[in-house]
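Subject: Structure for your files, with notes

Hello,

Please find the structure below. My notes on it follow directly after.

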Amino acid sequence: MLKKYIKLNMNEMPYPPPIGIINSAKKGLSNLNRYTSQKSLEMLKNMLSDYSKAPKEHIILSSGSDLLIREMIHLFSKRRKTIVVDPTFFPITQAAKQFAPNTMKIRLSEPSFDLPISYLVDELNEQSLVVIDSPNNPTGNILLKGIEDIVETGAYLLIDEAYYEFSGIGFAEFVKDHPNLAVTRTMDKAFSLAGARIGYLIAGKTFLNDFLGFDTFLPLPGVYAAIEALKNIDYVKKNVNKIIDERKRVQKEVTKMGIGVYPSNTNFLLIKTGVPDAARELKKAGVLVFDLSNQLSSEFIRVSIGTKDENNFFLLSLEKIINQNSFK
Amino acid sequence: MKRIGLIVNPVAGMGGSVGLKGTDGNMYKKALEMNAKPITPERTKEFLSYIKNIENITFFTAPGRMGEDYLREINISFKVVGSISENVSAEDTKKIAEEMVKKIDLLIFVGGDGTARDIYDAVGLKKPVVAVPSGVKMFSSVFAVSPRAAAEMVDSFIKGTDLKEEEVLDIDEDAFRNNKLSATLYGYLNVPYIKRLLQSGKEASRTDKHTMEDKEGIARHIIEEMDDEILYLFGPGTTTKAITDKLNLSKTLLGVDAVFKRKLVGKDLNEEGILKLLKKYNKVRIVITPIGGNGFIFGRGNKQFTFDVIRRIGKENIIVIGTESKLRNLNCLRVDTGSLEVDKTLQGYIKVVTGYREEMMIEVRC
């Protein structure tokens, strides 16, 4: 029999969407023999335009925002220097490695994990492509509080705002005024729709031509669910607040254990456990967390905030492995 | 009041600028013949000047230039322990440390890996120590990252802080001079545990396929960018050696070699040799790699690049190279040139070439 784990490794929302959204997805399921209509896709774009305060014609849909990030790097890194932060959302590193002929990483260092904006700006010109996730994954830190200094250099700037709903800081509405700015967002996280994979790009004018014809026919159940979700986003706000409260509680408990935990503006926490191979140790205890041995070191973990019970189980397991380690 | 011991190894670090890679045994006499200047006086004075709670310390010190002289200079009261021979040796360090250990709460020593070994032999885990870095070889993790950091550790100890056992490593100096790096774990010393103030021990060079590919990429990148008008000074390490290997040049693995127009024009250079070349060549660049595990780019393992050399060449002419696997475990790079002023000019972010047309910008701290 397969072992059952508490899944805190993918930054999913632990609460399912309201029943109305599930019923809409079911409606899509009962029409699975049909492609998603253009009308539904247009409706979704209209609603995302209202939600993100960005013009509809600047919105490009995709099955997950990671595909859009990948496409942006693929299309615009060719004759440019691609600048990313380190650590960052793994698909960004991966796409830069695969497509960008000339790359520079900017290391985010403890204890603040802040982005050294002035050093970044000194490096930029019209031949630069900057890709930054803000809040940053895995640190949870807000890296960009403004964009003027960057976009004024003429550099292309792509911001991944997968955790926008948790941080409240986003730049989508500036896209119409800055042709070299693009923002990716997702309904995977705060909207409880990870299984629907609705990602979208809000792209400045410079990028739009290259995305002509990119719109994919997203699966019908996901589109119906997303439309229903955007009709009333109260549940999102409620769940986000619940997660933030839980995040604060977990952070406080982890601090009591005497190990490093960093301020977060997302639905996850970065923890420096002091235990080698911490992710593997937690897996043995029945909790899946994200292993950061390839980005920071094996004592670091990224843990998603789950339900209260899940978080309690995680805290107990973490305390256990820390105590075991201190006797080694 | 805390009772704190002070032992300074007056010959530690003297081999660095003259390229001797250590002063264990009789090598310090050779260093003297080569006009090497003592390093420890300045390091000890710098260290003492940063201790904030110095009034709360009762010092027990080794005599003369092994400690007493520096405390006398700053008008701090002290008690002298033991006596020393005219030509101080490891035996003096051990003897005094053994005598001191019963009288003190904490022992401070100024020196390198060799001194750490002597302190370990005499003190072991009986009393905590603070190690002020002042040697040529400093691969042990007992050392503070700088004299200033060591002073902060003393202040923390006075206020009360946790202790941790850290490694005492030593490198076989004869093997080191013959281009081989062989580290032995001698044992552990108890140190006040403030992670950001302690250096990590040296990590072994990686030889996995991915790292080797990265080193090859770095070499390709550097060679492509090389300018025939510029003299390149390649620091120690396997990452820099990958470049000279690709140029079919035989590099001193643990020394500094000079390359001009893709030919060797200087081998295993000391400070004097480097300064001579600086007079001859107008444009000079240093190519260095951080020490794996602790991130030092200057001040550990490449003391031939003295602060005078670095000041003359300038930050803009320093090329740092290193594989991503090496950088992954480093939160920042470090410098400890012996001059706080030069260290400060190197502070801030610096680019590290990590592969072919791949760079990482990373913070340098001191």
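The side chains of Glu91(B) and Lys94(B) form a salt bridge, with N and O 3.7 Å apart; the term stands for a side-chain nitrogen of Lys or Arg within 4 Å of a carboxyl oxygen of Asp or Glu. The two residues sit 3 places apart in helix H4 (residues 90-100) of chain B, so about one helical turn separates them. An α-helix has 3.6 residues a turn, so residues three or four places apart point the same way. Helices (H or I, at least four residues) and strands (E, at least two) are DSSP runs, numbered from the N terminus. Glu91(B) is exposed at 51% relative accessible area. Here buried means under 20% relative accessible area, exposed over 50%, and partly exposed in between (1.4 Å probe, protein chains only).

This is a predicted model, in which local features need pLDDT of at least 70, side-chain atom pairs count only at pLDDT 80 or more, and totals for chains, interfaces and linings use all residues. Residues are numbered from 1 along each chain as its sequence is written, chains are lettered from A and ligands numbered from 1 in the order in which they are written, and side-chain values use heavy atoms, leaving out hydrogens and water.

Another salt bridge of chain B joins Lys267(B) and Asp257(B), whose closest N and O atoms are 3.8 Å apart. Lys267(B) lies in the loop between strand E10 (263-266) and helix H10 (271-280), and Asp257(B) in strand E9 (residues 257-260), so the pair ties together parts of chain B that are 10 residues apart in sequence. Lys267(B) is partly exposed at 44% relative accessible area, whereas Asp257(B) is buried at 0%.

Which residues of helix H5 of chain B are buried? They are Asp113(B), Gly114(B), Thr115(B), Ala116(B), Asp118(B), Ile119(B), Ala122(B) and Val123(B). That is 8 of the 11 residues of the helix (residues 113-123), so H5(B) is largely enclosed by the rest of the structure. Its buried residues pack against several elements of chain B, including strand E1 (2-8), strand E4 (106-111) and strand E5 (129-133). After H5(B) comes Gly124(B), which has a positive phi near 55°.

Thr244(B), in helix H9 (residues 238-246) of chain B, is also buried, at 0% relative accessibility. Leaving aside residues up to four places away in sequence, Thr244(B) touches Phe234(B), Leu249(B), Lys251(B) and Val259(B); contact means heavy atoms within 4.5 Å.

On the surface, Leu125(B), Leu185(B) and Tyr188(B) make up a nonpolar patch with about 260 Å² of accessible area together. Leu185(B) belongs to strand E7 (residues 183-192) of chain B and is partly exposed at 42% relative accessibility. Patches are made of residues with over 30% relative accessible area and no salt bridge, like charges being joined within 9 Å and nonpolar side chains (Val, Leu, Ile, Met, Phe, Trp, Tyr) within 5 Å. Accessible areas come from the Shrake-Rupley method with a 1.4 Å probe, and for residues only the protein chains shown count as cover.

Now the interface between the chains. 19 residues of chain B are in contact with 24 residues of chain A. The area buried between the two chains is about 1,800 Å², with 40% from carbon and sulfur atoms; buried area is the accessible area (1.4 Å probe) that two parts lose on being put together, summed over both. Arg328(B), Tyr349(B) and Met361(B) supply 35% of what chain B buries against chain A, more than any other three residues.

There are 5 salt bridges between chain B and chain A, and 39 in the structure over all chains. One pairs Lys195(B) with Glu299(A), at 3.7 Å from N to O. Lys195(B) is partly exposed at 44% relative accessibility, while Glu299(A) is buried at 17%.

Chain A is assigned domain 1 (6-14 + 235-326) and domain 2 (19-231), with bounds from an automatic or database domain assignment. Their centres, taken over C-alpha atoms, are 26 Å apart. The two domains bury about 2,000 Å² between them, 60% of it from carbon and sulfur atoms. The count between them is 1 salt bridge.

Regards
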